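Hi,

Here is the structure I said I would pass on. Have a look at it first, and my notes follow below.

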Amino acid sequence: MNAKRVIGVLGLLVVAAGIAMLTAVPISLLFGGADAIALLSSSVITILTGAALGVVGRSDRSNLRVREGFAIVTFGWILIPLFGALPFLLSNSIPSFTDAYFESVSGFTTTGASIVTDVEALPHGILYWRSLTHWLGGMGIVVLYLAILPMIGFGAVHLFKAEVSGMSKDKLTPRVVDTARILWGVYMLLTASEMGLLMLGGMSWFDALCHSFGTIATGGFSTKNASIGFYQSPYIDIVVTIYMLLAATNFSLHYAALRGNIGGYFRNEELRFFLVTYAFVVAVVTLATLHTNFDGNFADAFRYGAFNIASVMSCTGFATSDFALWVPLAQAMIFVAMFPGGCSGSTAGGIKMVRVYLLLKSVSTAVRRLLHRRAVVHIRLDGDVVDDDILVKVGAFVLFYVGFFVAASLILLETGLDAVAAFTATATCLAGIGPGLGSVGPMSNYHHLSDTGKYVLEVCMVVGRLELFTAIVLMSPAFWRS
Amino acid sequence: MRIRSVLSVLGFILVVVGLLMLCVLPISLSYDGEDAYALAVSGLLTVGVGAVGWYVNRKKSGELGAREGFMIVGLGWVVASLFGCLPFLITGAIPSFTDAYFEVVSGFTTTGATILTNVEALPEGLLFWRSLTQWIGGLGIILLSIAILPILGVGGMQLFQAEVPGISVEKLAPRISQTARILWMVYVLLTVVQMALLVGGGMTLFDAACHSFTTVSTGGFSTKNASIAHYQSSYIEQVIIVFMFLAGTSFALHYRALRGEWRSYVRDNEFTFYAVLVVLASLLVFLAIPFGERDELGKVVQAAVFQTVSILTTTGFVTADYELWFPAAQWILLMLMFAGACTGSTAGGIKLVRILVLLKNGINQLKMLIHPRAILPVRHNGKSLDQEIIIDILTFFILFVLIFIVASLAMTALGMDIVSSAGAVAASLGNIGPGLGSVGAVDNYAHVPMIGKWILVFCMLTGRLEIFTIIVLLTPAFWRR
């Protein structure tokens, strides 16, 4: 591995983050500028450090090897939040380093788990930066999973038939930058249109901007303590619900739709499975909470069910109701719904629907094969036969995910956290959702966790965001050998 | 489907169960015999029905296909339990059919979950029958896992068709029935030795027999309300730890050891993994036990080892209320409920070989990420495994977890709290017995709503019969001709 090259690329990424940070300065000045100096100095420090790294390392980006790619991606998600935490620290909005880093990691991994008890007390520049970390992180993920990783056959997206997206793998290879530009276009468009719709619903432009960042990145940071529940507006609920679902959809489908191929949405098995599962969970939760939590008011039960389940399943983490107080069945459904996540190639986290779907298909195939031993039954996805090889990989992924969940939960339990909080905090951070249940529920936060607990959850957020393997590979001795 | 050949085999099973039920009569009579009448009637009825079913259909029995195999295995446990609960119903010891059926399914599946609040109030005959159901269930499981499931190819079990040391049909014995007979001898031997050791520790012959039945079958029914904690004897606990551990080991390995091949234990990947896991898990549990000043180190270690082995081997005996330990302890135990012990033993759960294969596959996948062009097969006991078997094992695992999730959600829908729901389902699906929360170590299942009991009955049966055997019966394709 060429460490210099890795450092060089990381330097470039840090510079980019610093420049993005600079955009928070005018926003801050617009609202009194209490945090302008902190933001300005943070971004100067970030840009200068990044530039220094870029000089130390060679910024020669040609012929990056797979190993170097893994290292850049993983260290990128560890290093950039370090700089992202500077504004919180320098403005003294979050005085403790552990807390500031937690908040920043949660932002860049588009998780949305917060340690801030009173969000509304933060100055506007900081609030903007907090939401922007989501947006930057989401952008990074889309490019990583749709433009870069498919080239090395990694991640869930490469399971897809290429034509659906109109971007075949072979055509893609030489033009990563073009693909990235197209995806960013889609990303911007979604953000801008949501912002417009939210402003139509009476939200201020600042809040609309921050919430759009949080939605499209499936992040979940809000500028209000009560999250989207603050607005008490069915219109805003509906807009955000729709955009959360759009953000959890494969972005290449959006791109295809923009080019006129609307049918791509309907032909995509993963999206269909995602929506059917979503509808099912909403139905169960609505019925479960109807009489107990909503006094038999069906419209309310449905509205809050649809919003909060979309929020959990898209891994966003906004809330309009304190679902930690719902009946046990609804809570259990929400907990289970924390695992599958959204579609591959979206900004959502979790296991990814396509993997769950393939495993369910392989279970039904296995049952069929028991009766017809000699029959050769293939699993198909979007019409293509799925290799046994891929199934084995998908299985290994899910087991690592569950194994990681179990291990991290046990560590949290050892720190003295209660079971409900420990299990849901791990599940929610691993999937990049944000709120859990119990003492880390949507109307609570992560402030009360021990430092060890916070670092464990940071690891969960990064590892989960990078679909485990990139991060786990780095921990294996074989990676560092030779 | 050759339904009549299925009926003839089921009839035969009932005759065996009925005869064993009649064996309880002398025991009942040697005490006050208040349940002798019920046992005699139930035994005769079972033998009668079984004999008729067997006799009427005997000429039709011929070649049995996969479908017939699934039918026999699935219905075998269901029907045997139906007759097995007669003594409880007739004596009125358990008046409700749901409860009686739950108790007996828990017996025949070697689970050990009970709806009885006061076990000690039961007459001796019924207590003996209750323990005997687990012992019979254990016999059935050995036959199932060695002779039948590999042929049906359930959940990667074809892996053991000829590969588990010594179970090669040609090597060990010329015929399946002989294989079963040899392994049953090991089973009986273990039972008798344990019984003698327990009597040596001061247990009554009756209690020793009952507890041996439920240890060797990894069942976990006790004749005492406080389970093994009743005896407050270090020696008895140690004996039971050893025998639970042995019962969680493949019986084929025991057989080979009896023939002098001691090393086959060490050579078996699954056994090594099992031994290491017992040590590691005991250590983890030990760390999660609050350590008071007056506690002796040895006793705490023993409590940790006992509970770990009891849960991992899916037995379910208790010597301490593990819910009073640090929360981490019960969650570690919950994880162990899924693991189970070795294949070819009487233990339930996912089975360690499956977990081992999946772990090895995971490590291989990581290596292949770093070396994309490398082709690394998963090896078990020196042989590289087909990808098909890995996928079978994978689907087994997924289905196991899926049933756990769905059943737990169903239990919460009935109004149980989340921890008790998950604990009850995990303990039933893994055939352990005691769960967490309101069905924990010192509680029982009496308060579970009726539908909940039937869900748990389904879980016990499905878990015991390696999931697919039951699930396949529920698919429309199975019944289509």
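In chain A, 73% of the contacts with a separation of 6 or more are between residues 24 or more positions apart (two residues are in contact if their C-beta atoms, placed from the backbone, lie within 7 Å). For chain B, 72% of the contacts between residues at least 6 apart in sequence join residues at least 24 apart.

Bear in mind that this is a predicted model, where local features need pLDDT of at least 70, side-chain atom pairs count only at pLDDT 80 or more, and totals for chains, interfaces and linings use all residues. Residues are numbered from 1 along each chain as its sequence is written, while chains are lettered from A and ligands numbered from 1 in the order in which they are written.

Chain A has 22 helices and two strands (DSSP runs numbered from the N terminus: H or I of at least four residues for helices, E of at least two for strands). Chain B comes out with 21 helices and two strands.

Buried residues account for 58% of the 482 in chain A and 58% of the 481 in chain B; buried means that 20 or more other C-beta atoms, placed from the backbone, lie within 10 Å of the residue's own.

Now for where the chains meet: 37 residues of chain A are in contact with 42 residues of chain B. On the chain B side, helix 17 gives the most, with 14 residues. That side has 28 nonpolar, nine polar and five charged residues (nonpolar is Ala, Val, Leu, Ile, Met, Phe, Trp, Tyr, Cys and Pro; charged is Asp, Glu, Lys and Arg; the others, Gly among them, are polar).

Cheers

Definitions and conventions. A residue is buried if 20 or more other C-beta atoms lie within 10 Å of its own, exposed if 12 or fewer, and partly exposed in between; C-beta atoms are placed from the backbone.
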